[in-house]
Amino acid sequence: MTAPALIIRDAIESDAPAIARLLTALGHSTNTDIISAKWTAWRQEGNSALVALDEDGSVAAVAVLHRMTVLHRPYPVGRINALIVDESLRGSGIGRSLVEAAERRLAQEGCELMEITSNVRRLDAHAFYDRLGYERSSLRFSKVLVP
């Protein structure tokens, strides 16, 4: 499939409805109100997101980025915490373009290592990241905390 005309830009708060739709499709139950309520604090913490717009100017994909200062490395680590392309456009090169844009952005911000998190059940995503040159380097464990 040929990549459609594509614009990648920084996500803005008014993208919240589309981002909520995409993140929900990825398996993260959220909505516009939740994203909007967190937006300012989330951005102030140094987080960002990139969106890919389709030919109509609609948000077709999102990559949620995080830059981390860690004690065990001499440089910041960049991470894609979530990446989702609208199902009808998968396989068109949008995901690859978003990952490449995220790599450029985080490298410009001083990151010398890039990580991508992915649910263990998303085998197609793992194959996609393998094709992009990412290697499986660690396991991440999670536990829901109840106050």
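For the terms: helices (H or I, at least four residues) and strands (E, at least two) are DSSP runs, numbered from the N terminus, and two strands pair if DSSP finds at least two bridges between them.

A word on the source. This is a predicted model, in which local features need pLDDT of at least 70 and side-chain atom pairs count only at pLDDT 80 or more, while totals for chains, interfaces and linings use all residues. Residues are numbered from 1 along each chain as its sequence is written, and side-chain values use heavy atoms, with hydrogens and water left out.

Which residues of H1 are buried? They are Ala16, Ala18, Ile19, Ala20, Leu22, Leu23 and Leu26. Buried means under 20% relative accessible area, exposed over 50%, partly exposed in between, with a 1.4 Å probe and protein chains only. The cover over the buried residues of H1 includes H2, E2, E3 and E4. After H1 comes Gly27, with a positive phi near 110°.

Asp15 counts as buried, at 6% relative accessibility. Its side chain makes a polar contact of 2.7 Å with the side chain of Arg9. A polar contact is a pair of N or O atoms within 3.5 Å; within protein, one must be able to donate a hydrogen and the other to accept it, and residues adjacent in sequence count only if both atoms are side-chain atoms. Leaving out residues up to four places away in sequence, Asp15 touches Arg9, Asp10, Val51 and Val59.

E4 and E5 are parallel, over four bridges, and Val77 stands opposite Leu113 in E5. With helix H3, residues 94-108, they make a right-handed β-α-β unit: with the strands pointing away from the viewer, the path from the first strand over the helix to the second runs clockwise. E5 has Met114 and Ile116 on its covered face, and Leu113 and Glu115 on its uncovered one.

What does the side chain of Arg79 join in a polar contact? Its partner is the side chain of Glu115, at 2.5 Å. Arg79 belongs to E4 and is buried because its relative accessible area is 19%.

Last, the aromatics. Rings of Phe, Tyr and Trp (its six-membered ring) pair if their centres lie within 6.5 Å; planes under 30 degrees apart count as stacked, over 60 as edge-to-face and the rest as tilted. The count by this rule is two aromatic pairs. Trp39 and Trp42 have ring centres 5.0 Å apart and planes at 50°, so this pair is tilted. Both lie in helix H2 (residues 32-44), three residues apart, about one turn of the helix. Trp39 is buried, at 9% relative accessible area.

Definitions and conventions. Contact means heavy atoms within 4.5 Å.
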